[in-house]
Amino acid sequence: MKLFITRHGQAEDNVNGITMGQRDSALTTIGIRQTQSKALQLGQSSQKIDCIYTSDLGRCTQTAQIIAKALDLPEATTDERLREISFGEYEGLPYSAIPHLEGGYMKVQFPHGESNEVMAIRVIDAINRIYETNKEACVLIISHSGPIAAILASYYGKDLQTMLDDKIGNEEIVTLQVDNELTYPDIVRGE
């Protein structure tokens with residue numbers, strides 16, 4: 001499976017330093033322009049996209065709609081497993097309001113939310129299911145920085161924390177060739 005992965009365009013909460021997680025925030029004017037630019041890049045690729053899968057959160061579905069329309073593709077398939085991590089009670093607060101936790105929130109869940117481990121498991125499960133039904137296809141995934149970090153950690157055999165620290169921007173597109181199911185990143189196996 002040829003896999004293009006991109007993050008939603010810039011959202012209002014990104015600009016305001018607000019922790020979104022699974023709450024929603026509309027794309028900014030810049031986010032819409034980023035998405036239109038990504039559609040242009042994808043349209044110029046030698047690989048024609050067969051289908052789009054997206055997180056069901058509005059900032060991703062808005063991104064998917066813009067790209068699908070520009071490329072004359074069918075409507076994206078939404079999958080809640082491609083959502084960002086749930087920051088629980090910290091969603092809607094400034095990034096600075098999240099208390100520092102030694103070792104981070106890798107295995108420890110955010111209060112009333114998820115851990116990065118839980119998020120990574122659901123995302124890799126989603127990618128593997130998409131792979132099983134699209135092995136010969138070219139697929140576009142539209143998601144969030146955390147889930148994309150989990151995919152890249154698995155694909156490149158890196159630990160999840162490293163990939164979370166080096167998250168991709170709202171304007172980037174990553175291209176991967178997936179020839180078998182992905183495994184869980186190191187943090188999930190406890191290595």
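Predicted model: local features only at pLDDT ≥ 70, side-chain atom pairs only at ≥ 80, totals over all residues.

Student: Okay, and where does Asp-166 sit?
Tutor: Asp-166 is in the loop between helix H6 (160–165) and strand S5 (173–177). On the surface, Asp-166 also belongs to a patch of negative charge, together with Asp-159, Asp-165, Glu-171 and Glu-172.

Student: What makes Asp-72 exposed?
Tutor: Same cut-off: exposed is over 50%. The relative accessible area of Asp-72 is 70%, so Asp-72 counts as exposed. You'll find Asp-72 in the loop between helix H3 (58–71) and strand S3 (77–78). Its phi is near 55°, which is positive, and Asp-72 isn't a glycine.

Student: How do you know that His-112 is exposed?
Tutor: Check the value again: His-112 has 75% relative accessible area, over the 50% cut-off, so the label is exposed. His-112 lies in the loop between S3 and H4, and has a positive phi of about 65° despite not being a glycine.

Student: How do you know that the span of helix H4 agrees with what it should be?
Tutor: Helix H4 covers residues 116–133, so 18 residues at 1.5 Å a residue should span 26 Å. The end C-alpha atoms are 26 Å apart, so the two agree.

Student: Which residues of H4 are buried?
Tutor: Among them are Met-119, Ala-120, Val-123, Ile-124, Ile-127 and Tyr-131.

Key. Residues numbered from 1 in each chain as written. Heavy atoms only, no water. Patch = residues over 30% accessible without salt bridge, like charges linked within 9 Å, V, L, I, M, F, W, Y side chains within 5 Å. Areas by Shrake-Rupley, 256 points an atom, 1.4 Å probe, with all protein chains shown as cover. Salt bridge = Lys/Arg side-chain N within 4 Å of Asp/Glu carboxyl O. Lys, Arg positive; Asp, Glu negative; His and termini not counted. Charge placed at Lys NZ, Arg CZ, Asp CG, Glu CD. Helix = DSSP H or I, 4+ residues; strand = E, 2+ residues; numbered from the N terminus. Expected span 1.5 Å × (residues − 1). Buried < 20%, exposed > 50% of the residue type's maximum accessible area, 1.4 Å probe, protein only.
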